[in-house]
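Subject: Structure handover

Hello,

Here is the structure I promised to pass on. Please open it first, then read the notes below it.

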Amino acid sequence: MSRFMPKGDYSPKEKVLRGLALVGIFGLVIWAFWEHTGQTMRKIKDTQAVFDATGSMDKKQLAFVRGFARSLKAEYGLEFRMQVKNEPVVEPKLDAKTVFLGIDPAGQQVVVKFPPLLSNSLGADFLKRLQTDYLSTLFADGADWREGITFALAVVWERLTEIHGGKNG
């Protein structure tokens with residue numbers, strides 16, 4: 001303890017208080033490091049979840065999609081992956097807890113894959129409506145596919161909330 005205490009006449013009470021203050025400072029530094037590391041990991045996960053190689057989505061749209069991915073993980077334990085590339089969509093191997101959305105703006109192609117259990121929960125009618133009413137119209141004349149994607153994800157979230165709430169739809 002003498003290494004961390006300047007020489008002098010200190011009462012035992014003052015030595016204890018100084019020691020506790022030193023431990024508190026170390027604890028605060030460790031906590032700050034932990035929080036910073038956690039924040040960095042969240043940023044890395046967000047970047048992995050939503051990959052826009054075209055750079056065509058703005059910050060607001062990317063933030064919405066990343067928020068969707070975080071909420072899907074927090075509320076339902078499901079992973080979400082979105083890839084936007086100017087090349088044909090190649091479906092990666094997915095596990096039973098990953099939702100995949102692949103977009104090829106140049107080829108006007110959209111691929112969405114839900115895990116089997118989630119597909120059953122959403123229902124065939126909903127999935128058909130999602131494909132015909134939202135996804136197939138993303139590249140229609142005058143349509144902004146970026147806004148269409150955020151709207152389609154909002155519709156999926158609404159359906160999940162409806163199912164989770166026990167409502168029939």
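About 210 Å³ of space lies in the second largest pocket. The model is predicted, so local features need pLDDT of at least 70 and side-chain atom pairs count only at pLDDT 80 or more, while totals for chains, interfaces and linings use all residues. Residues are numbered from 1 along each chain as its sequence is written, and side-chain values use heavy atoms, without hydrogens and water.

**Pocket**

On a 1 Å grid over the protein atoms alone, a pocket is an open set of points with protein on both sides within 12 Å along at least five of seven lines. A cavity is a set of points where a 1.4 Å probe fits but cannot get out. Lining residues have an atom within 4 Å of a point. Points are joined across faces, edges and corners, and a volume is the space filled by probe spheres set on them.

The lining of the second largest pocket includes Y76, K97, S121 and H164. Helices α3 (116–122) and α5 (145–164) are the elements that give two or more residues to this lining. Helices (H or I, at least four residues) and strands (E, at least two) are DSSP runs, numbered from the N terminus. By class, this lining has 8 nonpolar, 2 polar and 1 charged. Nonpolar covers Ala, Val, Leu, Ile, Met, Phe, Trp, Tyr, Cys and Pro; charged covers Asp, Glu, Lys and Arg; the others, Gly among them, are polar.

**Cavity**

There is 1 cavity of 30 Å³ or more. The largest cavity holds about 100 Å³ of space. Its lining has 14 residues, and F80, V112, F114, L153 and V156 are the closest to its centre. That lining is 14 nonpolar, with no polar and no charged residues. Helix α5 gives the most, with 4 residues.

**Q108**

Q108 lies in the loop between β3 and β4. Its phi is near 50°, a positive value in a residue other than glycine. Q108 counts as exposed, at 52% relative accessibility.

Best wishes

How values were computed. Buried < 20%, exposed > 50% of the residue type's maximum accessible area, 1.4 Å probe, protein only.
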